[in-house]
Amino acid sequence: MSCEKYEKLISVYLEKELDEEEEKDMLQHLASCESCSQQLEAIQYMQRMLKQDDRPIEPINKMKRKIYARIYRDLLIMFAGFVIMISGVAVSGGLAQMFLLDQTPSGVRMFFFMGILLLITGIIILMYDIFVDIFKIITRK
Ligand SMILES: [Zn+2]
């Protein structure tokens with residue numbers, strides 16, 4: 001990973017002038033790079049001093065946690081989407097078979113129920129994520 005590129009962008013990042021993709025990229029780099037995150041902290045510290053602003057600097061560890069939480073969330077949503085997709089195929093396949101065949105072979109029925117089960121699992125995972133969000137919004141002061 002080349003730090004040079006990010007070092008140049010740190011001040012732009014602090015001015016909040018990076019676009020969304022660049023900012024995400026920057027945050028991910030900061031999460032994994034000790035040297036750049038230290039540099040960021042140092043610049044932030046200097047800026048605060050210059051502005052005589054004594055609000056505490058957000059610790060880099062807290063920032064990292066936020067970034068990891070976001071990555072984890074993205075993965076969770078991707079996983080839920082994947083599960084729902086697979087189960088959609090299974091359920092529609094099972095339904096088609098049941099309607100097309102007069103007598104449903106037990107294998108097809110099992111396929112169908114497995115699909116339903118997967119669908120429910122996927123929805124629960126998605127709902128969990130939504131509930132966590134709602135909970136955060138409610139408890140935010
Ligand atoms: Zn770096």
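This is a predicted model: local features need pLDDT of at least 70, side-chain atom pairs count only at pLDDT 80 or more; totals for chains, interfaces and linings use all residues.
Along the chain, the donors of the zinc ion follow the spacing C-x25-H-x3-C-x2-C.

**The zinc site**
- Four residues coordinate the zinc ion at 2.1 to 2.3 Å: Cys3 and His29, through SG and NE2, and then Cys33 and Cys36, each through SG.
- The arrangement is tetrahedral, because the angles between the four donor atoms run from 97 to 118 degrees and the cut-off asks for all angles to lie between 85 and 135 degrees.
- Cys3 sits in helix H1 and Cys36 in helix H3, so this pair ties together parts of the chain that are 33 residues apart in sequence.
- Cys3 is partly exposed, with a relative accessible area of 23%, whereas Cys36 is buried at 1%.

**The nonpolar core**
- The largest nonpolar core has 15 residues, and Tyr13, Met26, Leu30, Leu40 and Met63 have the most contacts inside it.
- Helices H1, H2, H3 and H4 each supply at least two residues of this core.
- Leaving aside neighbours within four places in sequence, Leu40 touches Ile10, Tyr13, Leu14, Leu30, Ile60 and Met63.
- In soluble globular proteins, nonpolar side chains tend to be buried together.

**Helix H4**
- Helix H4 covers residues 60-100; at 1.5 Å a residue, its 41 residues should span 60 Å, which agrees with the 60 Å between its end C-alpha atoms.
- Its buried residues include Ile60, Met63, Ile67, Leu76 and Val83, and also Lys64 and Ser87.
- The buried residues of H4 pack against helices H1 (3-14), H2 (20-32), H3 (34-51) and H5 (106-139).

Technical notes
Residues are numbered from 1 along each chain as its sequence is written. Side-chain values use heavy atoms; hydrogens and water are left out. Helices (H or I, at least four residues) and strands (E, at least two) are DSSP runs, numbered from the N terminus. The expected span of a helix is 1.5 Å times one less than its number of residues. Buried means under 20% relative accessible area, exposed over 50%, partly exposed in between (1.4 Å probe, protein chains only). Contact means heavy atoms within 4.5 Å. Donors are N, O and S atoms within 2.8 Å of the metal (3.2 Å for Na, K and Ca); water is not among the atoms, so sites may look incomplete. Four donors count as tetrahedral if all angles lie between 85 and 135 degrees; four count as square planar and six as octahedral if opposite donors are over 155 degrees apart and all others between 65 and 115; anything else is irregular. A nonpolar core is a set of buried Ala, Val, Leu, Ile, Met, Phe, Trp, Tyr and Cys residues joined through side-chain atoms within 4.5 Å.
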